[in-house]
4 protein chains.
Amino acid sequence: MIVVLKTGASKAQINAVIREVQKLGYRPHPIRGVERTVVAAIGDERVHHTLETLASMSGVDQVMPVQRRYKLASREAHPAGSVVRVRGVPFGGRDFPVIAGPCSVESEKQVMETARVVKAAGARLLRGGAFKPRTSPYEFQGLKQEGLEILAAARAATGLGIVTEVLSERDVDLVARHADMLQIGARNAQNFALLVAAAESGKPILLKRGLSMRVEEWLFSAEYVLSRGNPNVILCERGVRTFETLTRNTLDLGAVALAKTETHLPVIVDPSQGAGRADLVNAMSRGAVAVGADGLIIEVHPDPRVAMSDGAQQVTPVQFGHLMRGLAPFLKAAGRRLA
Amino acid sequence: MIVVLKTGASKAQINAVIREVQKLGYRPHPIRGVERTVVAAIGDERVHHTLETLASMSGVDQVMPVQRRYKLASREAHPAGSVVRVRGVPFGGRDFPVIAGPCSVESEKQVMETARVVKAAGARLLRGGAFKPRTSPYEFQGLKQEGLEILAAARAATGLGIVTEVLSERDVDLVARHADMLQIGARNAQNFALLVAAAESGKPILLKRGLSMRVEEWLFSAEYVLSRGNPNVILCERGVRTFETLTRNTLDLGAVALAKTETHLPVIVDPSQGAGRADLVNAMSRGAVAVGADGLIIEVHPDPRVAMSDGAQQVTPVQFGHLMRGLAPFLKAAGRRLA
Amino acid sequence: MIVVLKTGASKAQINAVIREVQKLGYRPHPIRGVERTVVAAIGDERVHHTLETLASMSGVDQVMPVQRRYKLASREAHPAGSVVRVRGVPFGGRDFPVIAGPCSVESEKQVMETARVVKAAGARLLRGGAFKPRTSPYEFQGLKQEGLEILAAARAATGLGIVTEVLSERDVDLVARHADMLQIGARNAQNFALLVAAAESGKPILLKRGLSMRVEEWLFSAEYVLSRGNPNVILCERGVRTFETLTRNTLDLGAVALAKTETHLPVIVDPSQGAGRADLVNAMSRGAVAVGADGLIIEVHPDPRVAMSDGAQQVTPVQFGHLMRGLAPFLKAAGRRLA
Amino acid sequence: MIVVLKTGASKAQINAVIREVQKLGYRPHPIRGVERTVVAAIGDERVHHTLETLASMSGVDQVMPVQRRYKLASREAHPAGSVVRVRGVPFGGRDFPVIAGPCSVESEKQVMETARVVKAAGARLLRGGAFKPRTSPYEFQGLKQEGLEILAAARAATGLGIVTEVLSERDVDLVARHADMLQIGARNAQNFALLVAAAESGKPILLKRGLSMRVEEWLFSAEYVLSRGNPNVILCERGVRTFETLTRNTLDLGAVALAKTETHLPVIVDPSQGAGRADLVNAMSRGAVAVGADGLIIEVHPDPRVAMSDGAQQVTPVQFGHLMRGLAPFLKAAGRRLA
């Protein structure tokens, strides 16, 4: 860490900082500049007490960390990209798997129909919400266990692995019995208790980025899973919150490229949540391929007009087929393949 | 709801919208403007299916809700402000209670010492984190049960009621046995499973605003608690995330005034988290009084330099005493009183 | 416009709103809902006084516009995409032109060398800042007129048209004499006086998006140029400001797709400013092609280490050549061509 | 500056950085940590070339400045607060002046009437827009010169000094002939050409904060004025742009307290723009006093329903009188006085 003193800090103040740095387990290295003194603190920031508390000392202007503090998620420590397999489908290698299905599981008929068409169009895994995180307690909260059973039936019928969200620590076992990958949603991206419980299920984790999460924080949330001995984390960019009002979120495709420089974990994109508008899903999916994403998760509904959640962002089976066909040349350009 | 059609929408598209509005339980009322048609949908938006899904229909430009969708939290339905009592201390009336204590519970000595000084300075409740939500899994996670017991001992010694955060559904019972109010932190502000579990403990809930939460969403999270039969919710503004880098968060005092026009629930302010800098806590506290907040929660540590979390934002006992004395004339100006 | 009254608004309040709507030139159309009354105001929102002022009336909850208020920039009025030519180079059609060159013009040698290499790599226009907008008055402000003359000499030597920023109304004539397209920078995106002055030069305008500009506001700024009789506006997405700290800006590729649904004007992308990091420019450029951008503007410097501005985001000639070659398969996938 | 190398940077890479630091005028001071090397660069960052360009070197992870780079605006260099006088009215001392008047100048009658009532209620200066920055070119752009003459007439009649916005370098002389303080609006907060032109008029400058401006950037914009020899800058917080949709902006009262720790310049607050809602102006004004602002600028209109701009945020004369009376106890608490 680097402790920057204020202009005009006294000798006594500087010495107090040096003593405190030592007390907290670092080797202090003061450097006198033309106007300010800085004290470099030598030591591993990940095993010692943080020095950020020194910001409360008189004479201190700011404290700046110099290390990346995540370890297991970091590409520095693992230069090669990791491949995470979900029911045999590999994320992070040359393959570019697409996960598709309805926002919410609404009925067996809806899910079966969607599963068949998305499989035919090239999707490798089926998504569908059985437990739905809803801003309002009065909105449809999902079919819960019944929804999980419908998803499992769709897997039996089509062979597609299942990706579904878990909202409660208490439901982790139940969801893990039915699903092939557990999704942690954006609103729970820093629900550390849920992250740990999900990690301990042993299932692969799809970790959505929080609504205003820095990439560093996203990787720390992944680190919560990894440090529990579960190496199978797939990150999912799904848009961040900004001032724009014509879209629900601002899909941050740049964060995909950035995250891939920082971590060896696979990163996929959710263009449905990311834009919140069905008419932008196609362009966003192509963009995801081009910036280096490792897959997509797309909401598809047989009839979005009557969807029980997020109808505005779900594409129809016809639109999904069109999207998948249009993706092919971009995948080729990126040296990737659908299957 | 108001469904706005695109310029040049065809008669067939308009009729399809009208039929769909009817099918979803509303009475359609089309209005032909100079350039566009809009269809007003008459019916209670809180009991019918949302029409936002119609945004996926061809010819539809946007769908705009006109009702506030929260009920129990809404001031429209409850014009008078509510008073929430925590171990006898009233929030939301003429009293202006201050909650104070360390960010983390670190030791019995630290908590006892802090409890005594904050009580002497006028605080009415003691705060302290036993379970700590930390961005990194490698940071201090709190003393957990031992921390709760230390807090309870401090209550026994000083009479101050206890406010502490709960991070996991599984810990709700444990925390509720020791605490007088359960805090839901910013990162869990839309962890609906935790909100419901905490609500069902019957304890008052201190609901912090999420990092990029709209006021409407905050009230919906409150509604999750209220709709479970627990009327005792206190909202807490603690800063939102912006582009500013000199402070950790941007304390949104305007949201306090705004929230109080929308809801009858008490709203307090956390200037410690809100600014993330001890040197701004005093000014922010005065601002909170002036904009109409119903109380404060302030982090106080006997020696912030060695704090195990967030040392940069905790004030010393001396600074806290100074702050409380300086608050008095502002409370008087606002027609409030400390005790 | 739609005027939404408060729950419980009195008959007198509703009648006052109806009278005011009439007085301001609209035909009022009241609709009584289950809980609230709304008054639809029929009339062209672009020629009558706005009704937003009614929000100040007692009994009014909110006022919602239903029309797009821009005309000339709107795709509704001009469904086909426009092609804007800059010294013969077409933007907005099948061609995908790349503009390249240094952030700042520093010397004739630097510009000549850069111009030759970017031309050889396939760039169609040369960029370079002669007037530099700098956050600090103590930073390098550009070579000004000398810089313009260097750019003109580079055009004479290579045939590449010149794109350069104008910062002051007073410099519009000078810059227009030397440049083939005038750039309005992000910080001046709502400097309406400069927009009008630049429009009146008759030169094509490259309009960068402001740091926290909504797409609607961007199109209004374009409308300032178009409504002065200058139809040649190219929009440029260059990143918006968010909470992320690992990049300088958050490049909003989704806004490119969104803008192209709203407007017929060409939209290009600046991945250099957008990311602020040379190592992300390549991925961002590919993403821009895939989401449907109509071109790129990229900063290239012979030796970024000694650049007088923004060295961290400029690529070397070797990196630029690599980027251009790597773009080819993505352009083919998108049905576009470099030249 | 501190140059942080990547983990595993080679000896050759470290040496290249050291050479470059020297070449750019700094004295390099390498420090080998447990995992990374950092190179402290000793020298005045305000007179040497920035080292941020080194971020483009291989082996470099990041470059961190340690100095505040503004000089004249900095409180470090000028610990005592400055007092700026506008037609004799002092900002920055014990006095707390209120500037009031309509958003736009609409007619002589409207301005005269408003001037008289705001003066009677205790305002010290009159505001009013003669040149209006409007998002859309089709909205009312102000009465321009006629508006300035109306303002001057109101000054003659009431003795109140005039504060009005200037939008164009070409209008600086005209506006300076009529006004006592020139306002630079939020959209021009980084229009450096206008800042310089306004500075050179010799008039005091009211510098509004940009829509998503960091405090550091705001002070740099002030530095543009100060470094032209005009010491009379008053900063004005007017809300920043966030994700909240119930208010037009998010008034950042914390930034007032923060700015006052960083600069000696007076800082005032615009609660009308800041909230965009007349019903929040009163609470925001009290908050401004409490956090340490040096004055207010408030929009007052005889009849906001028919205002030609921003009717929703203007208060009536009656509301303004009420506001001013209610401010008195808060001013007393803060040790300030209205006049």
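**Helices, domains and chain contacts in a predicted model**

Helix α3 of chain B spans residues 145-158. This helix has 14 residues and reaches 20 Å from its first C-alpha to its last, close to the 20 Å expected at 1.5 Å a residue. The model described here is predicted. Five residues are considered next: Gly147(B), Leu148(B), Ile150(B), Leu151(B) and Ala154(B) are buried in α3(B). Viewed down the helix axis, the buried residues of α3(B) fall within an arc of 160°, so they line one face of the helix. Their packing partners in chain B are α2 (108-121), β8 (125-127), β9 (161-165) and α4 (172-178). After α3(B) comes Gly159(B). The phi of Gly159(B) is positive, near 85°.

Helix α2 of chain A covers residues 108-120 and has 13 residues. From first C-alpha to last, α2(A) reaches 18 Å, close to the 18 Å expected at 1.5 Å a residue. Buried in α2(A) are Gln110(A), Val111(A), Thr114(A), Ala115(A) and Val118(A). These residues cover an arc of only 125° around the axis, which puts them on the same side of α2(A). The cover over the buried residues of α2(A) includes β7 (98-101), β8 (125-127), α3 (145-158) and α10 (317-333) of chain A. Just after α2(A), Gly122(A) has a positive phi of about 115°.

The chain as a whole was then described for chain A. Chain A holds 10 helices and 14 strands. Of its 339 residues, 62% are buried. Its C-alpha atoms fill a box of roughly 75 × 45 × 40 Å along the principal axes. Among contacts in chain A with a separation of 6 or more, 65% join residues 24 or more positions apart. Chain A is divided into domain 1 (2-64) and domain 2 (84-333). The C-alpha centres of domain 1 and domain 2 of chain A lie 44 Å apart.

Contacts between chains come next. Chain B meets chain A through 40 residues, which are in contact with 40 residues of chain A. On the side of chain B that touches chain A, α5 (192-200) and α6 (215-226) of chain B each supply at least two residues. The largest share, four residues, comes from α6(B). By class, the side of chain B that touches chain A divides into 17 nonpolar, 12 polar and 11 charged residues.

Chain B also touches chain C. This contact takes 22 residues from chain C and 22 residues from chain B. In chain C, the elements that give two or more residues to this side are β1 (2-5), β2 (27-32) and β3 (37-42). β3(C) gives the most, with three residues. The side of chain C that touches chain B has 10 nonpolar, seven polar and five charged residues.

A rotation of 180° with 0.0 Å of shift along its axis superposes chain C on chain B, with an RMSD of 0.1 Å. The two copies are thus related as by a two-fold rotation axis. Phe243(C) has the C-alpha nearest the axis in chain C, 2.4 Å from it. Of the interface residues of chain C, 100% are also interface residues in chain B, so the copies meet through the same surface.

Definitions and conventions:
Residues are numbered from 1 along each chain as its sequence is written. Chains are lettered from A and ligands numbered from 1 in the order in which they are written. This is a predicted model: local features need pLDDT of at least 70, side-chain atom pairs count only at pLDDT 80 or more; totals for chains, interfaces and linings use all residues. Two residues are in contact if their C-beta atoms, placed from the backbone, lie within 7 Å. Ala, Val, Leu, Ile, Met, Phe, Trp, Tyr, Cys and Pro count as nonpolar, Asp, Glu, Lys and Arg as charged, and the others, Gly among them, as polar. Copies are superposed by least squares on the C-alpha atoms of residues with pLDDT of at least 70 in both. The expected span of a helix is 1.5 Å times one less than its number of residues. A residue is buried if 20 or more other C-beta atoms lie within 10 Å of its own, exposed if 12 or fewer, and partly exposed in between; C-beta atoms are placed from the backbone. The arc is that of the directions from the helix axis to the C-beta atoms. Domain bounds come from an automatic or database domain assignment.
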